[in-house]
Amino acid sequence: MSRLLLNHLTRECVAVGEFLELLDQEANAMTHGDFSSLPALTERKAQLADQIALLSRQRETEQLRLGFTTDRSGSDAAAAAGGESLQNAWQQLKERAALAREHNYRNGVMIHTHLDFTRQAINFLHAGGQSLYGPTGTHHMGASNGNTLAQG
């Protein structure tokens with residue numbers, strides 16, 4: 001068993017686990033309307049994605065050194081040749097990566113749903129090309145006397 005390959009797999013698995021936590025925090029923020037926390041989460045996600053990519057390249061380099069290809073079948077073969085510890089670490093990484101893909105997709109759907117709702121709300125407020133409210137908050141349509149909402 002290659003201790004170095006096991007170390008790479010373990011570090012990559014930990015990083016993907018941290019990425020999963022951020023995805024869950026992002027989903028929670030969107031669910032609870034805490035959109036002000038999203039920029040920091042997005043920045044941290046980008047940093048972790050870069051770190052995961054680096055760890056993946058390091059793992060692949062070790063696989064090549066051991067005589068295995070860098071594709072999925074090479075990773076499977078390297079894990080199988082390395083014994084139970086490597087197989088377990090590789091399986092855990094694959095499972096976490098699959099969860100990360102699912103959670104990232106879920107968050108993307110939430111974002112697009114929110115964007116669609118916002119677009120629909122804007123379209124409604126523009127009501128046929130005319131703004132429903134002017135820049136001062138005055139109602140422009142219907143049989144209103146032009147009072148602002150704050151005045152009643």
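A cavity is a set of grid points where a 1.4 Å probe fits but cannot get out, and a residue lines it when one of its atoms is within 4 Å of a point. Keep that in mind for what follows. The model described here is predicted.

## The chain as a whole

The chain has four helices and zero strands. From the N terminus on, its elements run α-α-α-α. The chain has 152 residues, and 30% of them count as buried. Take the contacts with a separation of 6 or more: residues 24 or more positions apart account for 56% of these.

## The cavity

A search of the whole structure finds one cavity of 30 Å³ or more. The volume of the largest cavity is about 30 Å³. Its lining is made by L5, L9, R59, Q63, S75, A78, A79 and W90. Helix 1, helix 2 and helix 3 each give two or more residues to this lining. Helix 3 has the largest share, with three residues. By class, the lining of the largest cavity holds five nonpolar residues, two polar and one charged.

## R59 and S75

Two of the residues lining the cavity are R59 and S75. R59 sits in helix 2. S75 sits in helix 3. Their side chains are joined by a polar contact of 3.2 Å.

Is R59 buried or exposed? R59 is buried, because its relative accessible area is 6% and the cut-off for buried is under 20%. S75 passes the cut-off too: its relative accessible area is 4%, so S75 is buried.

What does R59 touch, apart from its neighbours within four places in sequence? The residues in contact with R59 are L5, H8, L9, E12, S75, W90 and L93. For S75, again leaving aside neighbours within four places, the contacts are R59, Q63, T69, T70 and W90.

## T69, in the loop

T69 lies in the loop between helix 2 and helix 3. With residues up to four places away not counted, T69 touches Q63, L64, G74 and S75. A polar contact of 2.5 Å joins the side chains of T69 and D71. T69 counts as partly exposed because its relative accessibility is 43%, and partly exposed covers values between the 20% of buried and the 50% of exposed.

## Helix 3 against helix 4

Two packed helices are described by the angle between their axes and the distance between the axes. For helix 3 (residues 72-82) and helix 4, the axes come within 5 Å and cross at roughly 145°. On the helix 3 side, the contact is made by R72, S75, D76, A78, A79, A80 and G82. On the helix 4 side, it is made by E84, L86, Q87, W90 and K94. Sorted by class, this contact has five nonpolar, three polar and four charged residues.

S75, A78 and A79 of helix 3 take part in this contact, as does W90 of helix 4. These four residues also line the largest cavity.

## The largest pocket

The largest pocket has a volume of about 270 Å³. It is lined by 13 residues, and the closest to its centre are E12, V16, L93, A97 and R101. Helix 1 (3-31), helix 2 (38-65) and helix 4 (84-126) each give two or more residues to the lining. Which helix gives the most to the lining of the largest pocket? Helix 4 does, with six residues. The lining of the largest pocket has eight nonpolar residues, five charged and no polar.

A97 lies in helix 4. At 22% relative accessibility, A97 counts as partly exposed. A97 and E12 are 85 residues apart along the chain, yet their C-alpha atoms are separated by 9.8 Å. Q47, in helix 2, gives another such pair. Q47 and F19 are 28 residues apart in sequence and 9.7 Å apart in space, C-alpha to C-alpha. Q47 counts as partly exposed, at 40% relative accessibility.

## Accessibility side by side

| Residue | Relative accessibility | State |
|---|---|---|
| R59 | 6% | buried |
| S75 | 4% | buried |
| A97 | 22% | partly exposed |
| Q47 | 40% | partly exposed |
| T69 | 43% | partly exposed |

Definitions and conventions:
Residues numbered from 1 in each chain as written. Predicted model: local features only at pLDDT ≥ 70, side-chain atom pairs only at ≥ 80, totals over all residues. Heavy atoms only, no water. 1 Å grid on protein atoms, 1.4 Å probe; cavity = no way out; pocket = protein on both sides within 12 Å on 5 of 7 lines; lining within 4 Å. Points joined across faces, edges and corners; volume = space filled by probe spheres on them. Nonpolar A, V, L, I, M, F, W, Y, C, P; charged D, E, K, R; others polar. Axes fitted to C-alpha atoms, helices over the stretch in contact; angles between N-to-C directions. Contact = heavy atoms within 4.5 Å. Buried < 20%, exposed > 50% of the residue type's maximum accessible area, 1.4 Å probe, protein only. Polar contact = N/O pair within 3.5 Å; in protein donor to acceptor, adjacent residues only side chain to side chain.
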